Amino acid sequence: MVTRFVADPAAHVFNGRVYVYDTDDQSNDGTYWNSTVWHAFSSDNLVDWTDEGTILTLQAFAYASGKWAAWAPDVVSKDGKYYFFAPIDRWQIGVAVGDSPTGPFTDAIGAPLIQKDRDVNAGDEPIDPAVLIDDDGQAYLYFGTRVPKVVKLTADLLHLDGPIIDMSVSGNNYAEAPWMGKHNGTYYFSYSTGWPGQIAYGTSASPLGPFVYQGIVLDYVGISTNHASVVEDFKGKSYLFYHNGKLPGGGDYRRSINVDELHYDANGAITQVVQTTQGVACVP
Ligand code: FUB
């Protein structure tokens with residue numbers, strides 16, 4: 001889709017344009033996911049992409065140890081502001097705020113929103129934040145490795161509003177990369193199943209679950225990680241954004257992103273996505 005090594009796409013439509021927030025594999029050393037910056041691309045037709053460059057760095061968070069890298073982020077919009085949820089150090093999650101989809105973002109609270117040693121039930125590795133703002137305005141933060149976690153956020157999106165809960169997904173094959181979507185009033189929770197992993201999903205009538213395992217959204221992608229996000233509606237169609245190692249020179253630590261259409265059948269089941277190399281045709 002784009003010719004830069006980026007991974008962990010968190011895709012959203014803001015103001016009619018698709019923004020994809022990524023881990024920047026181009027600036028890691030090629031032996032680990034040790035980039036210290038987050039990158040973004042945007043498009044209004046899913047074919048022509050604008051490289052928005054580095055939009056946030058670990059240095060924006062004074063409490064970051066500097067020992068670990070900038071991994072899978074997420075960004076949501078509320079009341080004209082944009083909130084960047086950033087995994088920091090593999091043991092904390094920060095939040096930065098900006099006035100545009102590409103920032104500039106500044107640390108919003110000067111402290112971690114989630115911290116492993118501070119917050120009860122934050123889990124062993126609070127990474128991979130993903131936020132859903134539901135139709136009633138309630139925001140939920142999903143994150144975690146091996147055990148999917150969810151916590152409600154306050155209306156300003158800057159604080160936890162209740163306990164961190166373990167989410168139940170039947171089949172118990174959650175590994176990482178949570179993503180929450182909503183389709184025809186049903187909540188769709190997708191995630192990676194391992195290292196390597198497939199993208200699987202479950203459904204529920206509640207954003208807190210329990211989720212009933214439904215199947216595979218995306219098969220293995222040929223590298224050690226799998227990470228995907230869903231755009232439910234862009235100009236009338238749904239899309240799955242994911243990463244693989246298919247860009248020349250690609251691999252476990254040099255990932256690149258792609259987008260393919262996502263289809264639901266008449267019963268609301270997701271049809272497993274057929275991976276392409278070229279992505280989707282231009283969306284006018
Ligand atoms: O990019 C680093 C890590 O790889 C992410 O946090 C995981 O989801 C996996 O994709």
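**Pockets and the ligand site**

Let me start with the second largest pocket, which is lined by 16 residues, with W33, W71, I127, E176 and T225 lying nearest its centre. By pocket I mean, on a 1 Å grid over the protein atoms alone, an open set of points where a 1.4 Å probe fits, with protein on both sides within 12 Å along at least five of seven lines, and lining residues have an atom within 4 Å of a point. Please keep in mind that this is a predicted model, in which local features need pLDDT of at least 70 and side-chain atom pairs count only at pLDDT 80 or more, while totals for chains, interfaces and linings use all residues. Residues are numbered from 1 along each chain as its sequence is written, and side-chain values use heavy atoms, with hydrogens and water left out.

What takes up the space of the second largest pocket? The ligand does, in the sense that more than half of its atoms lie within 2 Å of the pocket's grid points.

Turning to polar contacts, meaning pairs of N or O atoms within 3.5 Å, a polar side-chain atom of D8 lies 2.5 Å from an oxygen atom of the ligand. For H227, a side-chain N or O atom is 2.7 Å from a ligand oxygen, and for R255 the distance from a side-chain N or O atom to a ligand oxygen is also 2.7 Å.

Key:
Polar contact = N/O pair within 3.5 Å; in protein donor to acceptor, adjacent residues only side chain to side chain.
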